[in-house]
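I set out to record what I looked up in this model, entry by entry.

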Amino acid sequence: MVKICCIGAGYVGGPTMAVIALKCPEIQVAVVDISVPRISAWNSDTLPIYEPGLDEVVKKCRGKNLFFSSDVEKHVSEADIVFVSVNTPTKTQGLGAGKAADLTYWESAARMIADVSKSNKIVVEKSTVPVKTAEAIEKILTHNSKGINFQILSNPEFLAEGTAIQDLFEPDRVLIGGRETPEGQKAIKALRDVYAHWVPMDRIICTNLWSAELSKLAANAFLAQRISSVNAMSALCEATGADVSQVSHAVGKDTRIGPKFLNASVGFGGSCFQKDILNLVYICECNGLPEVANYWKQVIKVNDYQKARFVNRIVSSMFNTVSGKKIAILGFAFKKDTGDTRETPAIDVCKGLLGDKAMLSIYDPQVSEEQIQRDLSMNKFDWDHPVHLQPTSPSSMKQVSVVWDAYAATKDAHGICILTEWDEFKTLDYQKIYDNMQKPAFVFDGRNIVDVAKLREIGFIVYSIGKPLDEWLKDMPAVA
Ligand code: NAI
C-alpha cells in the first residue's frame with residue numbers, strides 16, 4: 001500500500017490530501033502539523049477551515065484512509081511520498097526583507113525528513129516557493145541522507161479558496177516538475193499515477209523542476225495583474241463617467257481576453273497574490289532584471305492605491321472626517337465562501353478608517369471576533385507563520401466591535417462599507433437598514449454587489465467602485 005504524508009495541515013494540505021484520500025481509497029494519507037490545536041480541529045466536527053464541500057469529503061475518509069496527526073516524525077518516516085505544504089512567509093528582516101520568501105519552515109521540514117527517513121522517498125514541494133528552492137532542499141536532503149535516495153518534485157497547488165474542493169475535483173491542470181534523470185522521471189510517474197485516479201492525463205503537465213516552480217509564481221502574477229488592470233480602469237471610469245462593469249463586459253467578450261477575473265473591487269487579497277509577486281520581484285532583482293521587477297511591482301502598487309482610494313472616498317464623502325462615527329463593515333474575509341482573512345483588503349480599509357478615529361462595527365458570517373482583532377493589531381507579514389508562533393496581540397481595540405448580524409452592525413451607523421461579496425449582502429432589507437441609520441446614510445460598495453438605483457431610491461448616498469458617481473461625491477477629492 002502506498003503511503004502519503006503531508007507536512008502542513010493548512011488551507012492547502014488539508015483539502016488536497018482529503019481529496020487524494022477520497023479519490024484513491026487504496027492509498028493511506030496522513031496529514032501532520034506542528035500545531036496541535038489545528039490537528040485536534042481536523043479530528044473534530046468543526047474543521048479548522050471553512051470551505052464548501054470539505055466537511056463531506058473529510059467525513060467520508062477520516063479514520064479509513066485519511067488521518068490527521070501531530071506525530072510528524074512517525075508518519076514522515078513511514079511514507080513513500082512526502083508532500084510539504086508549510087508556510088512560506090515574506091521575510092521581515094535581513095537579506096530580501098519585505099520581498100523574499102522566508103524558507104525557515106521549509107528548511108526545518110526538510111531537515112526533519114532527512115533525520116527520520118529510513119527508506120527512499122519522493123519529496124513533493126506543495127508550498128509555493130521561489131524558483132530553485134528544490135535545489136536547496138535537494139542539497140539539505142542529500143547531505144544528510146545516510147544513503148537514502150530522495151527525489152524532489154515540484155507540484156504547486158492552483159486551487160482557489162472558496163472553490164477548493166471543486167478545483168481539486170476538476171483541476172484545469174496538475175503540474176509536476178522533476179529532474180530529467182531516469183530516477184526523476186520515475187518519481188514524476190509515481191505522482192502522476194496518484195492524480196491519474198481522477199484527473200484526465202491531458203491535464204497532467206510534466207515539466208522540469210524550475211519551470212514548475214516558476215509557473216506557479218507566474219500564474220498568480222497574471223491573475224493579480226488582471227485585477228489591478230480592471231481596478232486601474234475603475235479609477236478612470238469614476239473620473240470620466242464610464243461604468244467599469246460595462247467596460248469589463250465589452251473587454252471580456254474578446255476571446256483572447258475572456259470574461260473571468262475582470263470584476264473591479266476594493267482590491268485583491270488572500271495569502272498568495274501579494275506574497276508571490278513580491279517573491280517574483282525579488283527573483284527578478286537578484287537576476288539583474290530591474291525593468292521586469294518594476295513591471296510586476298506596479299501590480300501591487302495599484303492594489304494599494306485602490307484600497308487607499310476607497311478609504312479616501314469614505315472620509316471625504318462624510319465631510320472629511322469619520323472621527324467618532326459608527327461605520328458598519330460588512331464582510332471581512334478576503335472573498336466570499338471562505339473564512340480566510342490573510343491579506344484581506346478589509347484590514348487596510350479598517351486600519352485607514354481607524355486612523356481617522358472611526359468606530360467600526362464589523363460583521364462577517366465566517367470570521368470570528370478573535371481573528372478580526374488579531375488581524376487589526378498584527379504587523380504586516382506576521383500572519384503567515386504557524387498560529388502558535390505569531391506574536392500575541394495586545395488587548396483588543398476599543399474602537400472595534402464585532403457583531404453577528406448585518407442589522408446589528410448597521411444600526412445607528414453613518415455609513416456601510418461592503419468589503420466581501422457574500423451573497424447574503426445582496427438580499428438584505430436595505431429599507432429597514434436605512435430607517436435605523438444616521439442621516440445622511442452612506443453605502444460604499446467595495447464589491448459592486450448592491451442595486452445602486454434601488455438604494456438611491458431608498459435615500460442612500462451610494463458609492464460603487466468604477467460606477468458613475470453620486471451627485472454627492474462629484475466634487476469630492478478622489479485620489480489617494
Ligand atoms: P497555512 O498557514 O494554512 O498552513 C501551513 C501549515 O504548516 C500550518 O498549519 C503550520 O502549523 C504548518 N507547519 C509549518 N511548519 C511546519 C513544520 N516544520 N512541520 C509541520 N507543520 C508545519 O498555509 P496554506 O495556505 O496551506 O499555504 C501553504 C503553502 O501553500 C504556502 O506556501 C502557500 O503560498 C501555498 N499555497 C496556498 C494557497 C491558498 O489558497 N492558501 C494556494 C496555493 C498555494
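**Entry 1, sheet.** I looked up the strand order and found an open sheet of six strands, S11-S10-S9-S12-S13-S14, with parallel pairing. At its edges I noted strand S11 (400-402) and strand S14 (461-464), each of which pairs on one side only. Neighbouring strands are turned against each other by 20° on average, direction ignored. I took strands (E, at least two residues) and helices (H or I, at least four residues) as DSSP runs numbered from the N terminus, and counted two strands as paired if DSSP finds at least two bridges between them. Axes are lines fitted to C-alpha atoms, for helices over the stretch in contact, and angles run from 0 to 180 degrees between N-to-C directions.

The model is predicted: local features need pLDDT of at least 70, side-chain atom pairs count only at pLDDT 80 or more, and totals for chains, interfaces and linings use all residues. Residues are numbered from 1 along each chain as its sequence is written, and side-chain values use heavy atoms, with hydrogens and water left out.

I examined strand S9 (residues 326-330) and strand S10 (residues 359-363), which pair in the parallel sense over five bridges. Lys326 stands opposite Met359 in S10. Helix H13 (residues 345-355) packs on the sheet and touches S9, S10, S11 and strand S12 (415-418), where contact means heavy atoms within 4.5 Å. The direction of H13 makes about 155° with that of S10. Helix H14 (residues 369-377) also packs on the sheet, touching S10 and S11, and its direction makes about 155° with that of S11.

I counted 22 salt bridges, each a side-chain nitrogen of Lys or Arg within 4 Å of a carboxyl oxygen of Asp or Glu. One of them joins Lys189 and Asp193, with the closest N and O atoms 2.9 Å apart. Both residues lie in helix H8 (residues 182-195), four residues apart, about one turn of the helix.

Which peptide bond is cis, with omega near -5°? I found that the bond from Lys439 to Pro440 is. Pro440 is placed in the loop between helix H16 (430-435) and strand S13 (442-445). I also noted Phe261, a residue other than glycine, with a positive phi near 65°. Phe261 lies in the loop between H10 and helix H11 (273-286).
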